[in-house]
Amino acid sequence: MVTERVMSVAGLGTRLIEAGPPEAAEGVLLVHGNPGSRLDWADLVARVGTFMRAAAFDLPGFGQADKPAGGFDYTVPGYAAFIEAARAQLGLRRVHLVLHDFGGPFGLQWAADHLPEVASVTIINAPPVQDYRWYLLAKAWKTPLLGELVQLTLVGPTFRLIAGRGHPKGLSRAFLDRMYRDYDAGTRRAVLALYRATDARRMVSTDAATFAAADIPALVLWSTHDVYMATRVAYIHRAAFPSARIVEVPDRGHFLMAEDPQVVAQHVVPFLRQHVARPHGG
């Protein structure tokens, strides 16, 4: 059963959904991207919670978390530090990461700083640690004045049109409405700050070779109809995760876990079951 609660992390309020044994020291942290929230993971948290602990929380500036104009570092290292504060508060000592979109760099930076605690990594349509290139909308957000103008255009119908692009099966109106509800002035401000502070060529401070030497078990699940990230990006992850299993999901778009939660569970759940309490190389 999935439960939800309000949580204070590093002085900022957020909302957490979780399932599974609440005191377990091993568990899954599911990290959303932009624009996203803990609720992107509700289906997967419920499924994973039947055999291990799973948790997802809103990151500052997104969902229903606090969105301060000052007092939070809207950078990849800043979000990695927030993940670490949340992990420590949750009492997790062995962590399986499930990452989507900008949650990729956030989680991978955390992993780089805490390699002994990383049990496995699942990457769903997220940038690699290095050698990435921005898509058109991201380039606009990075550009002063243009980014602010783009944000002003993202009213309800336009937002739903852009977010829903490239999903052959379609995204539910409820999902799009919820995403738009959360995409308020605070989130728009956070998005501009984050993209302008991030270099796509080196999104994580640790290079791919350091990750590769750790040989962390990894699953790369990629929907091939993603209009923001080409399928070739999935294979760049091999530089950091040489043993990764890469699965291409045809005819699905960027928000795979919302468009087709069943196919996500079909691949992610067995992968996590395989690596629960299993040391690297075990």
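Which element gives the largest share of the lining of the largest cavity? The legends below take up this point and the cavities of the model.

View 1. Residues are numbered from 1 along each chain as its sequence is written, and side-chain values use heavy atoms, leaving out hydrogens and water. In this predicted model, local features need pLDDT of at least 70 and side-chain atom pairs count only at pLDDT 80 or more, while totals for chains, interfaces and linings use all residues. There are four cavities of 30 Å³ or more (a cavity is a set of points on a 1 Å grid over the protein atoms alone where a 1.4 Å probe fits but cannot get out; points are joined across faces, edges and corners, and a volume is the space filled by probe spheres set on them).

**View 2. Largest cavity, about 200 Å³ in volume.** Its lining (residues with an atom within 4 Å of a point) has 16 residues, with Pro35, Leu137, Trp141, Ile162 and Tyr228 nearest the centre. Two or more lining residues come from each of α4 (136–142) and α6 (156–164) (helices are DSSP runs of H or I, at least four residues, numbered from the N terminus). The largest share, three residues, belongs to α6.

**View 3. Second largest cavity, about 50 Å³ of space.** Residues lining this cavity include Pro35, Gly36, Phe62, Arg178 and Thr187. Helix α7 (residues 173–182) gives the most to this lining, three residues.

How values were computed: On a 1 Å grid over the protein atoms alone, a cavity is a set of points where a 1.4 Å probe fits but cannot get out, and a pocket is an open set with protein on both sides within 12 Å along at least five of seven lines; lining residues have an atom within 4 Å of a point.
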